[in-house]
Amino acid sequence: MNFKPIEEIKTFLENIAAPMGIEVVDVEQKGEALTVFIETEAGVDLDTCEKFHNAIMDPIDELDPSFGAPYTLNVSSPGLDRPFKTPRDFERNLGKEVEVKLYAPLKGKKFLEGVLAAADENSVTLSLGGREEKISKNKIAKINKAIKFD
């Protein structure tokens with residue numbers, strides 16, 4: 001199925017989301033489904049998803065992302081273990097525990113868990129039990145919030 005460019009759709013939705021205090025984290029198209037992943041400072045629940053879905057239904061139909069073809073519109077939380085993609089993802093998680101999976105071992109390890117101390121366009125700095133490790137982003141396969149079950 002043919003859709004407009006994802007970045008065009010995302011930018012369009014961001015203009016609706018921002019005044020609502022919602023961040024559009026990602027937009028994904030698979031088959032006939034268009035899924036919008038959202039985040040808020042307080043987290044995302046079913047009511048938030050429904051509220052945003054209702055707010056974008058008519059405007060997105062006017063945008064016509066599928067060039068007139070029928071499609072399914074989904075709004076979802078990105079999930080607890082979603083990888084960080086945007087600068088905002090890194091900002092939101094500064095000072096929090098993260099998990100990092102590397103493409104190749106660094107000092108013998110391909111998996112690191114520590115506190116995200118800093119991040120810029122090219123690298124992240126982790127606090128690992130008293131020492132800091134700066135890692136180039138191109139060496140990171142995945143970085144996400146550490147999930148702890150008590």
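**Note on a predicted single-chain model**

1. K137 lies over the face of F90, at 4.1 Å from the ring centre. The criterion for a charge over a ring is NZ of Lys or CZ of Arg within 6 Å of the ring centre and within 35 degrees of the ring normal. F90 itself is buried, at 8% relative accessibility. Here buried means under 20% relative accessible area, exposed over 50%, and partly exposed in between (1.4 Å probe, protein chains only).

2. Ground rules. This is a predicted model, in which local features need pLDDT of at least 70, side-chain atom pairs count only at pLDDT 80 or more, and totals for chains, interfaces and linings use all residues. Residues are numbered from 1 along each chain as its sequence is written, and side-chain values use heavy atoms, with hydrogens and water left out.

3. F84 and F90 form an edge-to-face aromatic pair, with 5.4 Å centre to centre and 80 degrees between the planes. Rings of Phe, Tyr and Trp (its six-membered ring) pair if their centres lie within 6.5 Å; planes under 30 degrees apart count as stacked, over 60 as edge-to-face and the rest as tilted. F84 counts as buried at 10% relative accessibility.

4. How many aromatic pairs does a search of the whole structure find? The search returns 2. One of them is F3 with Y71, edge-to-face, at 6.0 Å centre to centre and 80 degrees between the planes. F3 lies in the segment before α1 (6–17) and Y71 in the loop between α2 (46–63) and β3 (72–76), so this pair ties together parts that are 68 residues apart in sequence. F3 and Y71 are buried.

5. Overall fold. The chain has 3 helices and 8 strands. Both are DSSP runs numbered from the N terminus: helices are H or I with at least four residues, strands are E with at least two. From the N terminus the order is α-β-β-α-β-α-β-β-β-β-β. The C-alpha trace spans about 55 × 30 × 25 Å along its principal axes.

6. Burial and surface. The chain has 150 residues, and 39% of them count as buried.

7. Contacts and sequence range. A contact means heavy atoms within 4.5 Å. Among contacts in the chain with a separation of 6 or more, residues 24 or more positions apart account for 54%.

8. Charge. There are 20 positive and 27 negative side chains, and the centres of the two sets lie 10 Å apart. Lys and Arg count as positive, Asp and Glu as negative; His and the chain ends are not counted. Each charge is placed at NZ of Lys, CZ of Arg, CG of Asp or CD of Glu.

9. Buried or exposed: what is K10? K10 is buried, with a relative accessible area of 11%. This lysine sits in helix α1. Leaving aside neighbours within four places in sequence, K10 is in contact with V24, V25, D26, V27 and T86. A117 is 107 residues away from K10 in sequence and 29 Å away in space, C-alpha to C-alpha.

10. V27 counts as buried at 4% relative accessibility. Beyond neighbours within four places in sequence, V27 is in contact with I6, I9, K10, L13, L34, T35 and V36. T11 is 16 residues from V27 along the chain, with 9.9 Å between their C-alpha atoms.

11. L13 is in helix α1. At 0% relative accessibility, L13 counts as buried. Its contacts, again leaving aside neighbours within four places in sequence, are V24, V27, V36, F52, I56 and I60. L13 and F52 are 39 residues apart along the chain, and their C-alpha atoms are separated by 9.8 Å.

12. Backbone check. Which residues in the loop between α2 and β3 deserve a look? D64 is in that loop and has a positive phi of about 60 degrees although it is not a glycine. F67 lies in that loop too, with a positive phi of about 55 degrees, and is not a glycine. D64 is partly exposed, with a relative accessible area of 28%. F67 counts as partly exposed at 49% relative accessibility.
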